[in-house]
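Please open the model in your viewer and keep the selection tool at hand.

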Amino acid sequence: MGKQSVSRRNVLGLALGLPLAACSGSTSGAEGGSAGNGGTGGVAGTGAGGNAGTAGAGASGGVGGGTAGSGAAGTGGFGAAGSGGIGGQGCEGPDACAVTQDNIEGPFYKSGAPMSPGAIANLRSGVTGDLLQVVGVVYAADCTTPLSGAVVDVWQADSDGVYDNTGFTLRARMRTEACGRYRFDTILPGNYDTRPRHIHYKVSHPDGLGLTTQLYFAGEEFNDTDPYVRESLIKPLDRVTGQEGAVWVCRFDIVLA
Ligand SMILES: [Fe+2]
């Protein structure tokens with residue numbers, strides 16, 4: 001399997017990860033960093049593949065190859081399950097290289113979705129549902145080089161499977177940070193008709209071809225019968241408990257052609 005086959009280590013690393021700081025982008029070197037206090041920073045400490053911190057504390061990751069740890073996210077940066085950052089999740093390359101498959105745009109795309117000021121977007125305003133946090137890294141075609149400044153444009157249905165086609169609810173754009181990482185806090189979309197739950201993506205960067213695709217979730221009804229689902233686009237959901245309570249967490253890395 002290609003890059004989309006994210007190891008359990010990485011999923012937990014990001015899910016429990018913590019604030020993030022400068023990204024070294026290295027896949028080698030020291031194990032991840034030490035736990036911090038509270039995880040309150042917006043962008044504090046994570047390098048590639050850093051260790052997550054201990055429960056209840058934020059952590060700053062180290063550089064390269066660290067193993068996933070445990071601990072609820074703090075309130076800043078790129079953790080998950082809290083209002084935290086993208087921590088724990090590293091920049092390490094995939095197990096094998098494969099460009100992310102494209103997928104249909106569908107009829108509900110709207111250009112001009114609100115642009116997040118950073119790499120983290122919040123789509124939860126005005127909606128209710130099961131909390132979901134999606135994190136990932138955008139890579140160049142070599143599956144190794146993280147693409148900073150890639151625009152990630154996402155849109156999805158609400159928990160009843162309905163799109164907002166008049167406003168921009170559950171629609172947002174964000175730009176990947178130095179390590180290519182992005183994150184958005186949202187709710188689990190409902191399925192509609194015979195379509196399984198999914199989130200639409202448009203990703204663009206000057207160093208790659210634009211990509212339109214969809215993220216699907218493992219174990220969903222209709223995954224086997226929907227004609228548009230691609231196995232490589234189905235990602236596992238992990239259940240994580242943090243400061244916000246129980247949150248579904250999903251990692252979706254993207255490799256542009
Ligand atoms: Fe859709």
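Two strands are said to pair if DSSP finds at least two bridges between them. With that term in hand, select strand β3, residues 151–156, together with β4 in this predicted model; the two strands pair in the antiparallel sense, over five bridges. For one point of this pairing, select tryptophan 155, which stands opposite arginine 171 in β4.

Select valine 154 to see one example: its bridge partner in β6 is tyrosine 201.

Now widen the selection to the whole sheet. In which order do its strands lie? The order is β4-β3-β6-β7-β8: five strands that form an open sheet with mixed pairing. Because β4 and β8 (234–235) each have a single partner strand, they stand at the edges, and one side of each is left without a neighbour in the sheet.

Finally, colour the chain by pLDDT. The mean is 75, and 63% of the residues reach 70 or more. Select residues 1–21, where the pLDDT is below 50; this stretch has 116 contacts in the model beyond near neighbours in sequence. Then select residues 24–77, where the pLDDT is also below 50 and the model has 227 contacts beyond near neighbours in sequence.

Conventions. Residues numbered from 1 in each chain as written. Predicted model: local features only at pLDDT ≥ 70, side-chain atom pairs only at ≥ 80, totals over all residues. Helix = DSSP H or I, 4+ residues; strand = E, 2+ residues; numbered from the N terminus. pLDDT = per-residue confidence, 0-100. Contact = placed C-beta atoms within 7 Å.
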